[in-house]
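Please look through the sequence and the model shown here, and keep both at hand while you read. The report that follows takes up the parts of the assembly one after another.

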Amino acid sequence: MTTPLLSIEQLSVTLDNKKVLLDLNLILEQGDILGLVGASGCGKTTLLHAIAGFTKISQGQIIIDGKVLSNTKQSLPAEQRQVGMVFQDYALFPHLTVKQNIAFGISKLTHSEQVKQVKHLLGILKLEEYANKFIHQLSGGQQQRVAIARALAPKPKLLMLDEPFSNIDARLRTELMLEIRSLLKLFNTTAIFVTHNKDEVFTFADKMAVMANGYLLQFDQPNIICQQPNSYQVADFLQLGSWLPCLVDGIKASSLLGEIKLGSNKGSEQGLRYLLVKPSQLQLNEDVSANTIANAQVDYISLTEQGFHYYFSSLDGKSDKKLQFSKLSLYSHIVLSIKQKVRLSINPHAFLMFTKDQ
Amino acid sequence: MFKRLLTLSLTSLLLMTSDSAYAAEEVNVYSYRQPFLVEPLFNKFTELTNIKVNVVFAKKGMAERLAREGKYSPADILLTTDISRLVELRDKDLVQAVNSTILDSAIPTQYHAQDNTWFALTTRVRNIYSAKRLGKINLNYEDLAEEKYKGRICSRSGKHPYNVALVASMISEHGEAYTLDWLEKVKANLARKPQGSDRGQVQAIHQKLCDISLGNSYYFGKMLKDDKQKVWADEVYINFPNQDNRGAHINISGVAMAKYAPNTKNAKALMEFLVSEPAQLLYAETNMEYPVVKGVPVSTMVASWGDFKADGLSLEKIAKNRKAALTLLDKAQFDL
Amino acid sequence: MIALNNSKTWTLSNYLLALVLLIPVLVMLFGGLTASTQLFLHLWQSVLPRYLENTILLGFFVVLLAVFFGVISAAIITQTNILCKSLLRWLLLLPLAMPAYLIAYLYTDLFDYAGPVQRTLRDWFGWQSPNDYWFFDLRTLSGAALMLALVLFPYVYMLVRGAFEQQDQNLIKASRLLGLTAKQSFLRVALPLARPAIGISASLVLMETLADFATVQYFSVNTLTTAIYDTWLGYGDLGAANALASVLMLLVLFVVLAEQKSRKGVRHQSSRPSINKTVIVLTASQQFFASVFCWGLVAAGFLVPLVMLIIMVVDYSSVNQFSLLVSTGINSLKVSVIAATITVFIALSFGFYQRFHANKFRHLPLRISGFGYAIPGTVLAMAMLSTLGPVDHWLNDIASYAGLTSPGLILSGSLFAIIFALVVRFLAIANGTVVNGINLIPHSLDYAPASLGVSFKGSLIKVHIPLLTKTIFVAWLLVFVEAMKELPVVLLLRPFNFETLSSQVYQLISDEMLEQGALGAILIVIFGLLPIVLLNKSK
């Protein structure tokens, strides 16, 4: 078995008496591109800083390519870690030209070697005509490329990118993502990129890690996480569906949309749970009568390429407050109006139930 | 808003300009002499006459300022410490003649201008101070250029008016070529670059940095009266040079009346006061200078330094050579 | 840019004001150009080359030393974890409160043959005369350079420290991830990016050095300033003196412009500075050397002279000096307060003009008025006399023509001349501070009041000026302190019965009698400390 490139074991970081990272475990193989997502303040940037060597760790260890970078006893200085970083604001040196920026990390090589490397990178990143320009003379996208070229020049073992696409025009974003991904694959560079936009992870990354409040919630391939989120937090953050509160009792669950029969393997669970409902799993019946009793009303309407997008909430009044729902999402071509009462039902599917607390 | 700004600026202007001298029964003095030297005299004057004395002291730039001010200058009286300055003021047409029998009779002829434009108040000698450890010596100014004094002479800046006057007197006596040569040789004999004051040079002799220095006579008395400086003065003899030939170089402190003086009557009164016995005695006792008025005794301390022969060279002649003296000092790069 | 106020009267008054401030300089230049060449030739053949050489050497050494002291101390304070960092951070500014000629005198006293240091050495080693041992002579060009550098390096320290603190920390992080150690990152990234701050502060130090005449005179170092004095007061040739002064001023301007040009086109500012800072951890021996360096500067530039002054006060002061102190103190205050207030007003006017006007030349009044700083005080005083003298004459002539009593020399003979000169000289300081403050106000605030129905004047009064309160205070303080310390202008322009603290202290120093005026000297220093302490608190 090959040693993984990056191995993070039981990593905890405490800053200013506050626990910022708690018991993180992560493994990356060579060539993996990891997309790290989470809300602001969840600890993503701290994790990057810990790997880079700018933050001391309080527990656990960080190992790259078999070499221990940080543990509780020692910490290798940042400049010796062979870890590269592309900063959110690029952090390009304003007093140096593009060429000089790129060559900055390989100054220990012979001059001819440096020239060769720089030329190579300028070519790959399509920056040849800007070689002698200064940073302020370039557009955002061009600066982005320079930042990447500069980080790649010293052939780092791990490349970290901090929100690399947040400053890029939406139209250019996809194009740039594909370009950089193919570049990383070409060099077989292992990379971690941080974003708060989960959609980028699908295009750009091989693996996905979801963080919240200093914890690593789930770490897997993106499609697996989306199909099998392991917790309410993960599913909610990734907006994988809407939530329907249910009272579970063994193999039955009751909700304001009716009874749900759970599979036998659910066993002896009892209490309030949340069902993850995707729009395709909801059935809409707009003819309400004595037989078809309304159980939801329209809160919000918008028009998308999939038809009307509706949010439904439970009707006011009688029922159990705990079971009330809102923002149940559905796409349909049926025309409804605000506050219109309808009847929703759930199509049978592999139910995913979660408890909310963690 | 604008009106307020206007009033504000006018009031500030008034505030700033309110310091120019105005009131009556005053006399305005521009003085090269230092406050503590002349204030006792002015206080006495005000005591006797009830005329207030306003003074501006400045080491440099007084004459130039006078010239700039022209006919609106408030200056009445000009007090200087050097003959060259007085003559320069006269030559620049910045002073006026004062006809006073008191002044004429009190001051010997060679110590006031023929045309009554300047008057000496005291005289002082430019002595050569020598270390007591050398024993008693008889020196001429010319001797300072001799090889045997190499590295043993200390002096203040050559450009200081006291030294400039001495150099001017050398030019009058020996001509420019000789004086330039003399200056270069003296410079070569200096123990250190010209710096400090006349008293500072005596301090240097005390510290054994050199053996010989130039200095005005009254400083000797002042040093002997000062706790800290007495030790320096005790280490030197005060010599009156050139006693075997023309005599020691004399300079004066003097007074003139400004050309456009607004308070001529008060100014004349002040001038006459300065040659009166109480004032001359103050000069003699407090400043240890030689009073210009005949019959006023020197202080006992000054008398103990002995009688001497003074260089009879006309002061006007010395003043005439001032510019030439400056030029030679530059040519010899004396201060550098 | 959208102009908010294109009023013609405002434009006119600003340009007029700038012109009025420029007039003394023009008079000086004109006087220089029309001077006869004879005296100039004589000087050139005798002493002028030497004076020039001394001036250039002095300027060079002072800048070198000041940059050395200032950059290293700024680096230590901002990049490392030196002990007592927060204390040292503002202590290093203290030498600014000491006038150079003051410490020159104090150190000469200290290291003189008869001073305590040499006496102790002689006691210990049994030496009898100066020939028995070698001891350095402070009264040389290098000595003068050291004195000036000790009190001027805080300018470099202050500006470079600010530059370091405002740098984008990500740049250092990027550099370290690219393989450079913290020290290398400092040398190859942080330091080059601080280049504008180093350049500007070095120019400032140079201007202050060339303006100094008291220190060099005391140390008998003959510079161009000596030449100017000689020519004017020795030879009495104002024209030639003006010519020399113009040369001096052009020399300064040349250096300043050359420095600006050399960094044109290269950007040094990053987008935004971040807050977290990684500090270099010093080993024990490094801590020792760094502390010695920083504390040494504070001691040499401030503490030691202060202690010496206090000893003098204790030993020599007498009661009758106290009343003299009060009167000279009040004079100093009067002049400085008025000058500072006027200067700040003008700076605000020029600053707002530049901000709100659409004219292509709106920067001009600001730029022009900044020249005064490059002119040494002596020269400016001369220019004042040359300018205000004739004006006074006209005024008096007009008055007599109109049958009114002659007002006398109300301009050149009163405080007006001093205050005018101080304003011209220090306007640059106020300009810089005020403009920086104005630039911090977002442009949206310029337009918002109008959208709420408030007039332009109202907007200035209700929005901008309140936002600028701290800036105004700082600018005022800086000019106030400089005016308190200023010497040549006061010496040459003062009216009757007028002594300031600085002129008083200087007079006593030249007579080797500082002991009598030690209390006054301490007062000057205390006033100099005020802005430093207050600025530090407000940060």
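How many bridges join strand β1 (residues 6-15) of chain A to strand β4 (residues 59-64) of chain A? Five bridges join β1(A) to β4(A), and the two strands run antiparallel.

## About the model

This is a predicted model, in which local features need pLDDT of at least 70 and side-chain atom pairs count only at pLDDT 80 or more, while totals for chains, interfaces and linings use all residues. Residues are numbered from 1 along each chain as its sequence is written, and chains are lettered from A and ligands numbered from 1 in the order in which they are written.

The model scores ipTM 0.77 and pTM 0.79. For chain C the mean pLDDT (the predictor's confidence in each residue, from 0 to 100) is 82, and 94% of the residues of chain C reach 70 or more. Among the elements of chain C, the highest mean pLDDT, 92, belongs to helix α3 (residues 48-79), and the lowest, 74, to helix α16 (residues 364-369). Here helices (H or I, at least four residues) and strands (E, at least two) are DSSP runs, numbered from the N terminus.

## The sheet of chain A

In chain A, four strands form an open sheet in the order β2-β1-β4-β5, with antiparallel pairing; two strands pair if DSSP finds at least two bridges between them. Because β2 (18-28) and β5 (67-71) of chain A stand at the edges with a single partner strand each, one side of each is left without a neighbour in the sheet. Neighbouring strands of this sheet are turned by 25° against each other on average, direction ignored.

Within the sheet, S7(A) has I63(A) of β4(A) as its bridge partner. Helix α1 (residues 44-52) of chain A lies across β1, β2, β4 and β5 of chain A, and runs at about 65° to β2(A). For such values, axes are lines fitted to C-alpha atoms, for helices over the stretch in contact, and angles run from 0 to 180 degrees between N-to-C directions.

## How the chains meet

Of the two pairs of chains in contact, chains B and C share the most contacts, where two residues are in contact if their C-beta atoms, placed from the backbone, lie within 7 Å. The contact takes 40 residues from chain B and 46 residues from chain C. On the side of chain B that touches chain C, α15(B) supplies the largest share, five residues. By class, that side of chain B has 12 nonpolar, 14 polar and 14 charged residues; Ala, Val, Leu, Ile, Met, Phe, Trp, Tyr, Cys and Pro count as nonpolar, Asp, Glu, Lys and Arg as charged, and the others, Gly among them, as polar.

No contact joins chain A and chain B, and their closest C-alpha atoms lie 45 Å apart.

## Two domains in chain B

Chain B is divided into domain 1 (25-123 + 250-304) and domain 2 (124-249 + 310-331), with bounds that come from an automatic or database domain assignment. The C-alpha centres of the two domains of chain B lie 26 Å apart, and their contact takes 17 residues from domain 1 and 21 residues from domain 2.

## A helix pair in chain C

Helix α12 (residues 224-234) and helix α17 (residues 377-401) of chain C pack at an angle of about 30°, with their axes 10 Å apart. The helices α12(C) and α17(C) are therefore roughly parallel to each other, since angles under 35 degrees count as roughly parallel, over 145 as roughly antiparallel, 65 to 115 as roughly perpendicular and the rest as oblique. The residues of this contact divide into five nonpolar, two polar and no charged.
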